[in-house]
Structure formats: C-alpha cells, structure tokens
Amino acid sequence: MTLAIETSALTKRYGSTTALDGMDLAVPEGSIVGMIGPNGAGKTTTMRLLLDLIRPTSGTARVLGEDPRSGGPTLRRRIGFLPGELRLEGRVTGRAMLRHFERISGPVAPGRIDELADRFGLDLTRHVRKLSKGNKQKLGLVQAFMHSPPLLVLDEPTSGLDPLVQQEFLAMLREVRANGQTVFLSSHVLSEIEQVADTVAILRAGRIVTVSDVESLRLTAVRRVRLGVRGMDAAQLVTALAAVPHVSGIRVDAATGRAHLTVDGDIDPLIKAISHYEVTDLIAEEPDLEESVLGLYGTQEASHVD
Ligand code: ATP
C-alpha cells in the first residue's frame with residue numbers, strides 16, 4: 001500500500017503549548033481520510049506542517065513520498081490546499097484570481113474552472129472582496145480542485161457552504177477518489193465525514209485518540225430505538241427491556257405505549273430479546289457518529305438520553 005501522507009511522532013510546540021503531540025498517521029493513496037476534533041485539537045497545525053507553512057519541533061512527515069521541508073514548489077504543485085482561514089481580498093474577479101493561482105499551481109485543463117464554478121454555483125465575474133463567506137469558500141475549493149492534484153488537503157472545507165452545495169462537494173470528493181486522488185480533510189461536522197471518509201482520525205488536545213474506519217465507528221455507535229409490542233403494559237415492557245445487554249434509557253410513551261430506548265453498541269441482543277414478542281413497531285435510527293465520537297472524547301453527551 002502506497003501512502004500519500006505518513007507522519008511519525010510529528011510534534012509542534014509553541015512555547016508551553018503543545019499543538020501537536022507525537023502524531024503517527026498514515027493516509028493511503030486513493031482514500032479519503034477525515035480528521036475530526038474539537039477547537040484547538042491540532043487539525044490546522046497538522047495541515048500547516050504537511051504544507052511546510054510551519055516546521056515541526058520534532059518528528060517527521062512524508063507527503064507524496066517527499067519531506068515537505070525539502071519538497072519545495074514541485075511538491076506544493078501536487079497538492080490542492082484549502083486553508084482553514086481563507087482570506088481573499090482585492091479588486092480582481094474570481095476568474096482573474098484563479099488564473100493567478102493557475103500560474104502557481106500548474107496547468108488546468110480547458111473548461112475545468114467553469115465546470116467547477118458551475119457545479120458550486122459560483123459567479124466568476126464578481127470581485128473577490130465582494131463575495132460572501134460561502135462564495136469565497138467555493139472559490140477556495142475551485143482553486144484546490146482545478147489542477148487535479150494527486151493529493152487534496154482541505155481544512156474545514158464545508159464551512160460556510162449551504163446544504164445543497166455541501167452535497168455537491170461530497171459528490172466531488174467521491175469522484176476524485178474514483179480518479180485515484182487522495183483526500184485529507186478536517187472537520188467538526190461529523191456527518192460529512194461519515195458520508196464520504198474511508199477512515200476517520202479523531203484528534204483531541206494534539207493527540208490522535210483513535211483511527212477507525214467509519215463502519216467500526218458505526219458498530220460502537222449509539223442508536224436510538226422506538227419499539228411497540230402488543231399485549232404488554234408499560235411496566236412489563238420496561239422490565240423486559242431492562243434485562244437486555246447494551247440497552248439503557250428506557251422510557252415508555254404513555255400515549256402510544258411505545259418504548260423509546262438507547263442501544264449502546266451491539267444491537268443484536270435487543271433483536272433476539274424482542275423476537276419472543278409480537279412487535280408492532282420498530283425504528284432504529286441511524287447510528288449517530290457524533291455521539292460515538294463524543295463518547296471517545298469522554299464527555300457527558302455520549303450517555304445523554306432524551
Ligand atoms: P479549530 O477547530 O479551532 O481550527 P484546530 O484543531 O485546527 O482548531 P490548531 O489551530 O491546530 O487547532 O491549534 C492547536 C493548538 O495550538 C491550540 O491550542 C492553539 O491555540 C495552538 N496554536 C496554534 N497556532 C499557534 C501559534 N502560532 N502560536 C501559539 N499557539 C498556537
């Protein structure tokens with residue numbers, strides 16, 4: 001397996017603050033890897049180190065087989081980068097700005113800029129400084145995607161995008177992956193990572209808490225279940241369900257007689273248990289990745305039940 005990104009004990013300190021603390025991360029070529037974590041976790045620091053915008057205190061990184069410290073403009077051209085804090089000013093149009101970026105990033109296929117702008121619904125004739133935050137973000141994304149780089153490094157790419165544009169963006173990520181390109185993105189919007197990422201690295205206080213594929217995160221996820229059973233009153237239902245492993249937070253709705261409960265992890269014991277009853281209604285909500293992740297962070301929200 002070839003790695004597009006590989007870090008080993010990568011560390012960045014600012015005085016007494018450790019922004020990144022011994023990160024070991026591997027991003028396989030042709031995959032989408034998401035990095036999530038709360039504010040200050042070290043996501044932006046990681047990306048800036050990979051782009052050689054800052055230098056590590058210790059540890060190493062390899063990006064597309066090269067050390068970012070020595071890769072220079074040649075390596076830089078092979079990476080499409082969207083910075084977290086995009087500052088686009090100036091009295092130039094979006095199109096002029098992209099032409100300027102093209103001179104730095106390397107050639108762009110004819111028609112590619114217009115195709116991307118159309119998909120994002122971005123007007124390239126408007127002056128950059130007059131664009132809304134979301135439209136500036138779209139311009140930043142066009143800039144990152146336009147030269148079809150082998151690696152995309154995207155810091156909070158969906159920030160400021162409306163839901164429809166977010167969906168278009170996710171579709172584009174799937175397309176670039178199908179094209180063999182690699183995507184490394186950061187977010188605290190977990191649902192977007194859940195939809196596209198092959199692997200999720202969860203970062204907290206400069207350290208990787210866990211690296212997991214999305215399917216495994218689902219298995220450890222919290223599910224909310226609504227259940228109706230014929231011929232049992234509320235007390236009987238609560239007693240029966242309370243004995244089932246992984247089930248908690250049982251509440252029976254007085255009006256409907258249905259039980260609402262939480263399954264933390266394996267749902268199979270619940271399915272086996274209720275198979276003995278006449279089930280009139282069963283809804284298991286999509287596992288909430290956010291709750292799983294908050295569980296890994298060790299916060300209270302993970303065990304919160306309505
Ligand atoms: P956010 O989601 O808020 O953007 P992040 O995960 O991207 O957060 P970083 O920006 O990487 O987090 O910051 C990690 C830590 O390093 C924070 O505690 C931050 O205050 C600190 N830090 C980052 N840059 C500097 C700097 N130039 N000088 C001092 N401390 C810094």
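**View 1. R207 is partly exposed, with a relative accessible area of 48%.** Here, buried means under 20% relative accessible area, exposed means over 50%, and partly exposed lies in between (1.4 Å probe, protein chains only). R207 forms a salt bridge with D21, and their closest N and O atoms are 3.1 Å apart. (A salt bridge is a side-chain nitrogen of Lys or Arg within 4 Å of a carboxyl oxygen of Asp or Glu.) The pair links distant parts of the chain, 186 residues apart: D21 sits in strand β2 and R207 in strand β9 (residues 207–213). Helices (H or I, at least four residues) and strands (E, at least two) are DSSP runs, numbered from the N terminus. D21 is partly exposed too, at 24%. This is a predicted model, in which local features need pLDDT of at least 70 and side-chain atom pairs pLDDT 80 or more, while totals for chains, interfaces and linings use all residues. Residues are numbered from 1 along each chain as its sequence is written, and side-chain values use heavy atoms, leaving out hydrogens and water.

**View 2. Meet the residues that surround the ligand, among them Y14, T17, K43 and E156.** The shell divides into 4 nonpolar, 6 polar and 2 charged residues. (Ala, Val, Leu, Ile, Met, Phe, Trp, Tyr, Cys and Pro count as nonpolar, Asp, Glu, Lys and Arg as charged, and the others, Gly among them, as polar.) Strand β2 (17–28) and helix α1 (43–50) each supply at least two residues of this shell, and α1 gives the most, with 3 residues.

**View 3. Helix α1 is mostly covered, with 6 of its 8 residues buried.** The buried ones are K43, T45, T46, M47, L49 and L50. After α1 comes D52, whose phi is positive, near 60°. D52 lies in the loop between α1 and β4 (58–63). It forms a salt bridge with R55, and the closest N and O atoms are 2.7 Å apart. D52 is partly exposed at 23%, and R55 is partly exposed at 44%.

**View 4. R230 and E278 form a salt bridge, with their closest N and O atoms 2.8 Å apart.** R230 lies in the loop between β10 (222–229) and α9 (234–242), and E278 in the loop between α10 (268–274) and β13, so the pair ties together parts that are 48 residues apart in sequence. R230 counts as exposed, at 53%, whereas E278 is partly exposed, at 46%.

**View 5. A9 has a positive phi near 50°, in a residue other than glycine.** You can find A9 in strand β1 (residues 3–14). A9 counts as partly exposed, at 37% relative accessibility.

Key: Near = heavy atom within 4 Å.
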